[in-house]
Amino acid sequence: MFFQDIVGRFESEQTPFYHYDLKLLSQTLEACKGAADSYGFHVHYAMKANFNRRVLELIRDAGFGADCVSGNEVNKAIEIGFAPQRVVFAGVGKSDKEISEALSHNIFCFNVESVQELEVINDLALKAGKKARVALRINPNVDAHTHHNITTGLDENKFGINQWELSACAELLTRAQNLWLEGIHFHIGSQITDMNVFKSLCIKVNEIKTWFEERGFNLNVLNVGGGLGVDYYQPDKNQVADFKAYFDIFNQFLERKPGQEVHFELGRALVAHCGSLISRVLYVKKGIKKNFLILDAGMTELMRPALYQAYHKIENISRPDKASSERIKYDVVGPICESTDCFGKEVELPDSERGDLIAIRTAGAYGEVMASRYNLRDEVRSVYSE
Ligand code: LLP
């Protein structure tokens, strides 16, 4: 079992907490960086997936840039030591304050999501006496074939500039004195496991890139976003995503001119596997129809199951699985006053008792960062192994 070496250490820890396996994180970062470097690709880490300090420090040291979606993320990236020229700022609703601050940091680029935002950035850059580097985030209307709630690249989504607005952008960019067009940007969704989706994205990017180049715009950067999915079902078998296969698709199908950079914004695939939520069984409720394991962690610590019905593997790490041991089906729930506060229904686990440690796996991405204080819960802690 994954935790057998460290479960003893967990016994003395106050639960619930996130456990980060920093060794696994380093291996993952190395695999990603190595594969990206082999094609000359650049990766900005999508900080929204996890902004735990230790995690960010390792990612910085491994040579990644930072993809931020709020002024606070930009400030944090700079504070942690990401070079400003490796920081990008995306998001549909950047406030004037956030834009001005990012301008003062001289970040690499704003990924701009509307014509109106382009005008605002131009005005604020003029006031600051600067030229803002921008990339246009374009909605390519490519279906990511993922969960409805984490699809972002369809016409019905709020993200990005619609293709029918490209002429307006081109016109504005030609006259705006304080904007400098770096390139074009796309992100179609998250937890994408069907690699054909990325091929479709490449074909669309090629089309849009040609549209700009035919009009005399020089694109230094093609930013194709993130979205590479991970295996939530077999976390021990596929601990490191297949970065090579992923980058290979873009190398094959994305047309790029000499000198044109390809940028990626990966979040989940870098950090999901290294994190687990560790919790303790508070009560075992045995009913006629159902058995409940009531944990001291709930949707306040890990919201994904309640929000997206997301699957996370659940293990009783106090009772390493033996083929012979009796297994019981439990609904594994938290203490929060909501019926959706459930990590999994009919989960087969060994006969469990109060005090057992439970690991909820593959929780390093969009776990700790989405925690809330609902029910006035304690802030969730983190424990590390290296
Ligand atoms: N770039 C942009 C513009 C994004 O919106 C996102 C994620 C990423 C990059 C990183 O995508 P990744 O490589 O992590 O798939 N809370 C949800 C996921 C929301 C993703 C939002 N955008 C979840 O728990 O599944």
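The structure is a predicted model, in which local features need pLDDT of at least 70 and side-chain atom pairs count only at pLDDT 80 or more, whereas totals for chains, interfaces and linings use all residues. Residues are numbered from 1 along each chain as its sequence is written.

**Backbone and loops**
- Asn-375 is found in the loop between strand S15 (357-360) and strand S16 (381-385), has a positive phi of about 70 degrees although it is not a glycine, and is partly exposed, with 14 other C-beta atoms within 10 Å.
- Thr-15 and Pro-16 are joined by a cis peptide bond with an omega of about -5 degrees, and Pro-16 lies in the loop between helix H1 (7-11) and strand S1 (17-21).

**Annotated position**
- The UniProt annotation "active site", from an unreviewed entry, covers Cys-337; UniProt positions are given in the numbering used here, feature names are shortened, and annotations may be inferred rather than shown by experiment.
- Cys-337 is located in the loop between strand S13 (327-333) and strand S14 (342-350), and it counts as exposed because it has 9 C-beta neighbours inside 10 Å.

**Ligand surroundings**
- The ligand is surrounded by 20 residues, the closest being Ala-46, Ser-190, Gly-226, Gly-267 and Tyr-366, where a residue is near if its C-beta atom, placed from the backbone, lies within 6 Å.
- Strand S9 (261-266) and helix H10 (268-271) are the elements that give two or more residues to this shell.
- The shell residues divide into 8 nonpolar, 8 polar and 4 charged, with Ala, Val, Leu, Ile, Met, Phe, Trp, Tyr, Cys and Pro counted as nonpolar, Asp, Glu, Lys and Arg as charged, and the others, Gly among them, as polar.

**Domains**
- The protein chain is assigned domain 1 (7-17 + 273-385) and domain 2 (41-266), with bounds that come from an automatic or database domain assignment.
- Between domain 1 and domain 2, the C-alpha centres lie 34 Å apart.
- Contact involves 14 residues of domain 1 and 13 residues of domain 2, two residues being in contact if their C-beta atoms, placed from the backbone, lie within 7 Å.
- The side of domain 1 that touches domain 2 has 6 nonpolar, 5 polar and 3 charged residues.

Key
Helices (H or I, at least four residues) and strands (E, at least two) are DSSP runs, numbered from the N terminus. A residue is buried if 20 or more other C-beta atoms lie within 10 Å of its own, exposed if 12 or fewer, and partly exposed in between; C-beta atoms are placed from the backbone.
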